[in-house]
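This briefing is meant to be read with the sequence and the coordinates at hand. It moves from the chain as a whole to a few places where the backbone calls for a closer look.

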Amino acid sequence: MTMTCGGTPSQEILEVNGGGLGLIDYDRDGDLDLFVANGATMSDPERGPGSRLFRNEGGLRFTDVTDEAGITLRRWAMGVAAGDVDGDGWDDLAVTCFGPNTLLRNTGRGGFEIAGNAGIEDPGWGTSAAFGDLDRDGDLDLYVVNYLDFNPAAPPPRAHHKGVEVMNGPHNLQPTADILYENLGNGTFRDISEASGVRVRPPGFGLNVAILDFDGDGIVDIFVGNDSMANFLFRNLGDLRFEEIGLATGLAANIDGSNQATMGIAVGDVDGNGRPDVFTTNFANDTNTLHLNLDGRFYDDRTQQYGLGLVSRPYLGWACVFADFDHDGDEDLLSFNGHVYPEATPETMDSAYAQPPLLFERRGRRFVPLTADTAGDWLAEPHRDRTAVVADLDGDGDLDAIVGELNGPVRVLRNDRPPDPATWLLVTLDDPATPGNRHALGARIDFTTGDHRQTRWIYGGGPFQSAAAPVAHFGVPPDEPRTLLVTWPDGMTQRVDDAPTGALTIVKSEVP
């Protein structure tokens, strides 16, 4: 399919972000299906070509089952979060929109219905969203990131960038506040933004979000990436109360103290200390940024040290992800790019409008950029890319990618590593006693082989306006003893000695 987000070329800021992608096993057949949050046009924001659902048929073949599944969402959709909001065993979809957000409730009969009274129907411009059990009551709460006020019928006057006339925004426009929704336990939500403390800061130009335990205290926190403003880190104090500590921790800005224009968010343990580090993609003529989590309280910008600074300056980055694409036991880094201004050229803005992706192989304490000669021609192809999701989509154990391009086709990138079940481990968590969070969003998984530890998090959010799959993937070094340690969202730990390779589902045991 071809994604829609306004016209081509983009003339207004509403036409810039594109739509999101959600990986969801909506039919519970054991593989990941794809939801595409699709947009509309300035002339009719309420009636676009419609969001789409594709069923995974195996072998990287997908079938459009939108009509069969009863999905009729035609509003200008932006982002998506996936989770079982009512605890009935079937994953639902929260879709952020320009206009009222929408909850698509999974009927369990092969389709979805619009839940008109879910309580999340904020009429603003929602970008990303993420589920997480923020109060540890066993159901999934929802954080919705909002962007800015925009009226398609009266767009703002043109602006200038590097001496070139361009669309206006986000500067000179009004940011809108994010919303935190508490799940009431029956699949409906209430707005607790004020009472929770997430409104303590003035609103930002919000674009992305990740929900996981950043400080290691056992309850999940909220990280928000803002465009052209300081990023937010909301520390969870318990009882659905939060304090914003982005500036105090060093995660709000880069090493120079400068605010950036954060689009993509990737979470991984880069330095091996078992704490979640954060990589963000940013605007052109700036660098992407790697913040290492030193001790759960402070972050340090190590972008240059790891080789991720200068190489990113010509690119305007969007979706990004840490993933072990080569199964060598450490995570590589993939990001997708494309400028917001159609007027962008290397001569006018030191940056092209369509841009190729960036793939970095992890080698020791550096990320080394790969080229088309070593990684394939796809790495040299320029696009207006925005979003992406990464998962094992064909069941061969390595990680593939699905990429969404602004007003362009959805592309599937197949990882062609030789299949060898001894070199990989895919871990899915199952907590049947907590049906509202059966996939264990908020869990942490440590995989130890010999003296080497890898850590993954099952978290809410995704690379950009997207829902990542609730699956942990590890490359497996040869001939080493293997141990898995799962820390479930309620703090219980479960150990698996002599862990197998291949696909593994860990069912929560009441006996540690």
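What follows describes a predicted model, beginning with the overall fold and ending with individual residues.

The protein chain contains four helices and 37 strands. Its radius of gyration is 21 Å, close to the 24 Å that the globule rule gives for 512 residues, so the chain is as compact as a globular protein of that length.

**Overall dimensions and packing**

- Taken along its principal axes, the C-alpha trace of the protein chain spans about 65 × 50 × 45 Å.
- Of the 512 residues in the protein chain, 61% count as buried.
- Among the contacts in the protein chain with a separation of 6 or more, 56% are between residues 24 or more positions apart.

**Surface and charge**

- The protein chain exposes about 18400 Å², and carbon and sulfur atoms supply 50% of this area.

**Cis peptide bonds**

- As background for this group and the next, most residues other than glycine have a negative phi, and most peptide bonds are trans.
- Threonine 8 and proline 9 are joined by a cis peptide bond with omega of about 0 degrees, and proline 9 lies in the segment before strand E1 (21-24).
- A cis peptide bond also joins glycine 169 and proline 170, again with omega of about 0 degrees; proline 170 belongs to the loop between strand E12 (164-166) and strand E13 (179-183).

**Positive phi outside glycine**

- Aspartate 239 is a residue other than glycine with a positive phi, near 60 degrees, and it sits in the loop that runs between strand E17 (232-238) and strand E18 (241-244).
- Is aspartate 239 buried or exposed? Its relative accessible area is 68%, and because exposed means over 50%, aspartate 239 counts as exposed.
- Histidine 327, although not a glycine, likewise has a positive phi, of about 60 degrees, and it is found in the loop between strand E23 (317-323) and strand E24 (332-337).
- The relative accessible area of histidine 327 is 8%, and because buried means under 20%, histidine 327 counts as buried.
- Set side by side, aspartate 239 is exposed, whereas histidine 327 is buried, while each of them lies in a loop between two strands.

Notes. Residues numbered from 1 in each chain as written. Predicted model: local features only at pLDDT ≥ 70, side-chain atom pairs only at ≥ 80, totals over all residues. Heavy atoms only, no water. Buried < 20%, exposed > 50% of the residue type's maximum accessible area, 1.4 Å probe, protein only. Rg over C-alpha atoms; globule rule 2.2 N^0.38 Å. Contact = heavy atoms within 4.5 Å. Areas by Shrake-Rupley, 256 points an atom, 1.4 Å probe, with all protein chains shown as cover.
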